[in-house]
Amino acid sequence: MFRFLIIALVLAGCGEKKPPVTDPTDPANLDPKAEFAAGVKALGDGGAKVDYAGALAHFEAATVADPTYTKAWYNCGFAAERLGDLAKAESCYRKAIENKSDYAAAIYNLGGVLQNAGRAADSVPIFRAYLDGHPDDLEARNNLVDALSAAKMYDEAIVEAQEVLARDPKNVGAYRNLSRVYYAKGDYSMSTLASEKARTLNDADPGIYNNMGVTYLAQEREPAAIEEFRTAVKIDPTNVEANLNLGYTALNSGD
């Protein structure tokens, strides 16, 4: 009887085996490509609602599974930036750049994040380092001008803008940036001249008209400013800056 019970107990423990419980957060159990694809899907396709939080979770999972997945780090930064998490966006963009030092899109976006965080000066060496190896990237150089201007390094910003124009005399972005730099310095006549030059090169750029309007306001030329803002809005009815400035000016004038 005792022997029978022992056998019964042993047999009772030999039923169907259960599958092992796995931790879905364990990097070994994550498929980085599948997570990346899921993140891209969460960003929306064909008018679908964008789920930035869901996308961020998937891109982070992809980087956990594969820390060398540069595009996942970049998209992680993109999603975090859209969610307003600038610290995470900065971290992700920096990781992307660590993996690929000349990743231009990540460098541009990192510079923007730092400027939005009030740390424009921190973005300056990032752009300079990139330009050391890519001196002909005028978009990056224009971004450097933006960073220098935001950091109140106006003289250096002017030098860099002039470097752009030396390489491309018809670079509208450089003239637009010069307009902003001179405005920040309080040199409104030079700001206007730079905007007018930009307009001769591209009269369909609403940003140019907006800059001229702001400069005219600083000179207390309100009617001229309103006309510039109206032109900007006519060219691009969705232009946020021009609409805000036009509304502010109209409100200020009692309209």
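Reply: Cys 76 has a relative accessible area of 1% and is therefore buried, since the cut-off for that class is under 20%. This value, like the others given here, is computed from a predicted model. The partner of Cys 76 is Cys 92, and the two form a disulfide in which the sulfur atoms are 2.3 Å apart. Cys 76 belongs to helix H4, which spans residues 70-82, while Cys 92 belongs to helix H5, so the bond ties together parts that are 16 residues apart in sequence. Cys 92 is likewise buried, at a relative accessible area of 3%. The structure holds one disulfide.

Helix H5, which carries Cys 92, also packs against another helix. H5 covers residues 86-99, and its partner here is helix H6, residues 104-116; their axes lie 9 Å apart and meet at an angle of about 155°. Because angles over 145 degrees count as roughly antiparallel, H5 is assigned to that class relative to H6. The crossing of H5 past H6 is left-handed. On the H5 side, the contact is made by Leu 86, Ala 89, Glu 90, Tyr 93, Arg 94, Ala 96 and Ile 97. H6 contributes Ala 106, Ile 107, Asn 109, Leu 110, Val 113, Leu 114 and Asn 116. Sorted by class, the residues of this contact comprise ten nonpolar, two polar and two charged.

A further helix pair may be described in the same terms. Helix H2 (residues 32-42) packs with helix H3 (residues 52-65) at an angle of about 165°, and the axes of the two are 8 Å apart. H2 and H3 are therefore roughly antiparallel to each other, and H2 passes H3 in a left-handed crossing. From H2, the residues involved are Pro 32, Glu 35, Phe 36, Ala 38, Gly 39, Val 40 and Ala 42. They meet Gly 54, Ala 55, His 58, Phe 59, Ala 61, Ala 62 and Ala 65 of H3. The contact of H2 with H3 consists of ten nonpolar residues, three polar ones and one charged one.

Thr 192 is part of helix H11, residues 188-201. With a relative accessibility of 11%, Thr 192 counts as buried. Leaving aside residues up to four places away in sequence, Thr 192 touches Met 212, Thr 215, Tyr 216 and Gln 219.

Note on methods. Residues numbered from 1 in each chain as written. Predicted model: local features only at pLDDT ≥ 70, side-chain atom pairs only at ≥ 80, totals over all residues. Heavy atoms only, no water. Helix = DSSP H or I, 4+ residues; strand = E, 2+ residues; numbered from the N terminus. Buried < 20%, exposed > 50% of the residue type's maximum accessible area, 1.4 Å probe, protein only. Contact = heavy atoms within 4.5 Å. Axes fitted to C-alpha atoms, helices over the stretch in contact; angles between N-to-C directions. Parallel < 35°, antiparallel > 145°, perpendicular 65-115°, else oblique. Left-handed = near helix turned anticlockwise from the far one by under 90°. Nonpolar A, V, L, I, M, F, W, Y, C, P; charged D, E, K, R; others polar. Disulfide = S-S within 2.5 Å.
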